[in-house]
Amino acid sequence: VVTTTDRGVIEIPRLRAVLPGEAVLQAKAVAPAAAAATTGAKPTPDAILTVGEFSLASPRPRDTLAWLGVDLSGVPADKLQTMGFGGKITSTSKAVKIDQLVLELDGAKATGGGTVTFGLPLNVTSSVELDRFDLDAYVPKTTTAATPPAAPAAVAPVEPTEADKKAPVLGMKAKVAKLVYRGETLNGVEADLAIQGNLLKISSLKVTDLLGAKLDLKGQVADFGTDPRFDLTFTTSMPDTDKLLGYVGLPKFINGKIGASTANGSVSGTMDAVTVRNATITMAGATARVTGSVVLGEKFAFDFPSFGLQAQDASQLVSVASGQRQSGLGALEVAGAFKGNEKNMTLDGNLTALGTPMIGRISASVSGRPSVDANLRVPGTLDIDNWLGVGGAPGAAAPANATPGPARAATGK
């Protein structure tokens, strides 16, 4: 390190340091010529004290980042081979501003700017843009191989993770034209992220186009570089829901096509199993609200202790589920517990259909030839006319001069 002192400003004509991971840091900074006119004057907090440039290149980024408290040991071994960045700098008494910033990681390049704010912890923010990035290549492989049950018990939400308060805060606002994730290309990605230790905080993540869908989420991911555990809030609109279900590894209706839908809520867990909280899904003319757990992948299963569904006309929903066109089914309302897997499902709770409230269980098999088994109790009056389609629209009152129809049976079953 070579330093000089002039007008109360420390200049660094030349700095070179070797950091963990054989990272080489080089920098130089001198007082601008304009400072010569302020000899003896006390600089203001935002006055430019020095200008210069810097660069850092690391052939072993894992070791360099581990020194900064970031564990990326779960990233595939053929990645994180090289890392480097550099740019022009101007400094004040409290921060260093970086312009013409260039970031490189394994050959991928991004450009932008940033600021380093002095204090405890050290705070680094940057704003970068890049054309394409393959996130799949950096996603940690799952380290646990749990065997999920056929229908999972409710999973407790992930407890909020506290960051290492002493670790530097590495913030980044990024615009990525094309981001590859799970084998598909996400277009128009904008992210506002911050890393502190092993905690990734997502202030905002927006995707303009994922198989036609739009996505907006925020939250956090703990241990993102080893065995990620996330807690996220999301909003999405999907013009082709069936494509998205296949993309995220959820089963589709085997008989019909869902089409457009919207969804919002919160989800936490891992890539193998998640907890869904207060999620609202609108599709096929119906709105569902669910809270519970889902096991993903080949052993897909779900358990929603809190489940509700409403439809002014259930015809479209039943058409999608059965693959056969239905019409005139009328309003449907469901409240209870809903669980199962891609082949069998069971609903326990309250059901109102064709104007008739019912209580009990409905079990359905949707593999091969669909079948339904219902064990329901009608606590009030069962209007046989409506169910047989001979009494007009559901809930319609008979004219005063109408001939009495078949007797309505007040049953307990």
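Tutor: We will begin with the strand pairing, then move on to salt bridges, loops and a surface patch. Keep in mind that this is a predicted model, in which local features need pLDDT of at least 70 and side-chain atom pairs count only at pLDDT 80 or more, while totals for chains, interfaces and linings use all residues. Residues are numbered from 1 along each chain as its sequence is written, and side-chain values use heavy atoms, leaving out hydrogens and water.

Start at strand β14, residues 261–269, which runs antiparallel to β15 and is joined to it by eight bridges. A strand here is a DSSP run of E with at least two residues, numbered from the N terminus, and two strands pair if DSSP finds at least two bridges between them. To find your place, look for Ser261, which stands opposite Met283 in β15. The link from β14 to β15 is a hairpin of three residues. On β15 also pairs with strand β16, residues 286–295, in the antiparallel sense, over nine bridges. There, Val276 has Gly292 in β16 as its bridge partner. These two strands form a hairpin with two residues between them, and Ala284 in the turn has a positive phi of about 50°.

Now for the charged side chains. The structure holds eight salt bridges, each being a side-chain nitrogen of Lys or Arg within 4 Å of a carboxyl oxygen of Asp or Glu. Asp231 is buried, at 19% relative accessible area; buried means under 20%, exposed over 50%, and partly exposed in between, with a 1.4 Å probe and protein chains only. Within it, Asp63 and Arg60 meet at 2.6 Å, N to O. Asp63 is partly exposed at 34% relative accessibility, and Arg60 is partly exposed at 36%.

Another salt bridge links Glu53 and Lys88, whose closest N and O atoms are 3.0 Å apart. Since Glu53 is in strand β4 and Lys88 in strand β5 (residues 83–91), the pair ties together parts 35 residues apart in sequence. Glu53 is partly exposed at 32%, and so is Lys88, at 37%.

Arg182, in the loop between β9 (169–181) and β10 (184–196), has a phi near 55°, which is positive in a residue other than glycine. Asp223, between β12 (213–222) and β13, has a phi near 50°, again positive in a residue other than glycine.

Finally, turn to the surface, where Val30, Ile48 and Val51 form a nonpolar patch with about 210 Å² of accessible area together. Patch residues have over 30% relative accessible area and no salt bridge; like charges are joined within 9 Å, and nonpolar side chains (Val, Leu, Ile, Met, Phe, Trp, Tyr) within 5 Å. The areas come from the Shrake-Rupley method with a 1.4 Å probe, and for residues only the protein chains shown count as cover. Ile48 sits in the loop between β3 (23–30) and β4 (50–58) and is partly exposed at 47%.

Notes. Helix = DSSP H or I, 4+ residues; strand = E, 2+ residues; numbered from the N terminus.
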